[in-house]
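Have the viewer open and follow along.

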Amino acid sequence: MSEQDVRGLTVGVLGGTGPQGKGLAYRWALAGLKVVIGSRDAARAESAAAELAELSGGAVSGADNAACATAADLVLVAVPWEAHEPTLTSLREQLAGKIVIDCVNPLGFDKQGPFALAVTEGSAAQQAEGLLPDSRVTAAFHHVSAVLLADPEVSTVDTDVLVLGDDREATDLVRALADVIPGMRGIFGGRLRNAGQVEALTANLIAVNRRHKTHAGVRITGV
């Protein structure tokens, strides 16, 4: 799957008014993809979409989550962890047959900093797989700095994106979706059953960033 193959697709972003979803939507719009911002509040989604359309010069629209999922060819899930299960349960019909990219990190925070939360299914992505039996679930974009994504002064986002899933065509397409963002590279990271440690690694990166006051990402060597 090449970058050219994804440029004609419409990407939906559930949780597109939050930092991670909004940042990725901005970068995809800059790259020329058509983007639909989703939110529980359609007016809030439309406001964020208008802002991103002006910043990127791209085609960005806003809608409630159900309309976003319906309009998109593939959908990024970037909702808060506590909203993950109810949001996906309510959208099972709209997401049927579509590639779903889960980038949710189940994390907790206390006085010692961030830590990974235990998930009964093993990971957020595996929970999504169970909730969306008719969708093609992948996991990706966990370790990308929302600060860098949102900064118009940052022309390249220097990071690799680990893409996990059991559907080769789906993971190839998601890798290509990463590749359209300058500086970013999609790398196959294994089966969906291995998503738990990828999600959990985000806690380590947050700790690195706090200590060094930076926005670190991940690079895979030798590939």
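## Strands, core and salt bridges

S1, helix H2 (residues 19-30) and S2 form a β-α-β unit with a right-handed crossover. Right-handed here means that, with the strands pointing away from the viewer, the path from the first strand over the helix to the second runs clockwise. Helices (H or I, at least four residues) and strands (E, at least two) are DSSP runs, numbered from the N terminus.

A word on the ground rules: this is a predicted model, where local features need pLDDT of at least 70 and side-chain atom pairs count only at pLDDT 80 or more, while totals for chains, interfaces and linings use all residues. Residues are numbered from 1 along each chain as its sequence is written, and side-chain values use heavy atoms, leaving out hydrogens and water.

Start with strand S1 (residues 10-14). Five of its five residues are buried, so the strand is largely enclosed by the rest of the structure. Buried means under 20% relative accessible area, exposed means over 50%, and partly exposed is in between (1.4 Å probe, protein chains only). Thr10, Gly12 and Leu14 point one way from S1, while Val11 and Val13 point the other way.

Which strands does S1 pair with? One is S2 (residues 34-39), which runs parallel to S1 and is joined to it by five bridges; Val11 has Val35 as its bridge partner there. Another is S4 (residues 74-77), also parallel, with four bridges, and in S4 the bridge partner of Val13 is Leu76. Strands count as paired if DSSP finds at least two bridges between them.

Now for the greasy part. In soluble globular proteins, nonpolar side chains tend to be buried together. The largest nonpolar core in this model has 40 residues, and Trp28, Ile37, Leu76, Ile101, Phe141 and Met184 touch the most other members. Elements that each supply at least two residues of this core include S1, H2, S2 and helix H9 (168-179). H9 gives the most, with six residues. A core is a set of buried Ala, Val, Leu, Ile, Met, Phe, Trp, Tyr and Cys residues joined through side-chain atoms within 4.5 Å.

Trp28 is worth a click: leaving aside residues up to four places away in sequence, Trp28 touches Val11, Val13, Leu33, Val35, Leu76, Phe141, Leu177, Val180 and Ile181. Contact means heavy atoms within 4.5 Å. There is also a second, separate core of 28 residues, which includes Ala83, Val104, Ile187 and Leu192.

On to the charges. The structure holds nine salt bridges, each a side-chain nitrogen of Lys or Arg within 4 Å of a carboxyl oxygen of Asp or Glu.

| Salt bridge | N to O distance |
|---|---|
| Asp167 and Arg136 | 2.8 Å |
| Arg219 and Asp158 | 2.4 Å |
| Arg219 and Asp160 | 2.4 Å |

Arg219 is partly exposed at 41%. Asp158, Asp160, Arg185 and Arg219 are linked in a network of salt bridges. Over at the other pair, Asp167 is partly exposed, with a relative accessible area of 26%, and Arg136 is partly exposed with a value of 26%.
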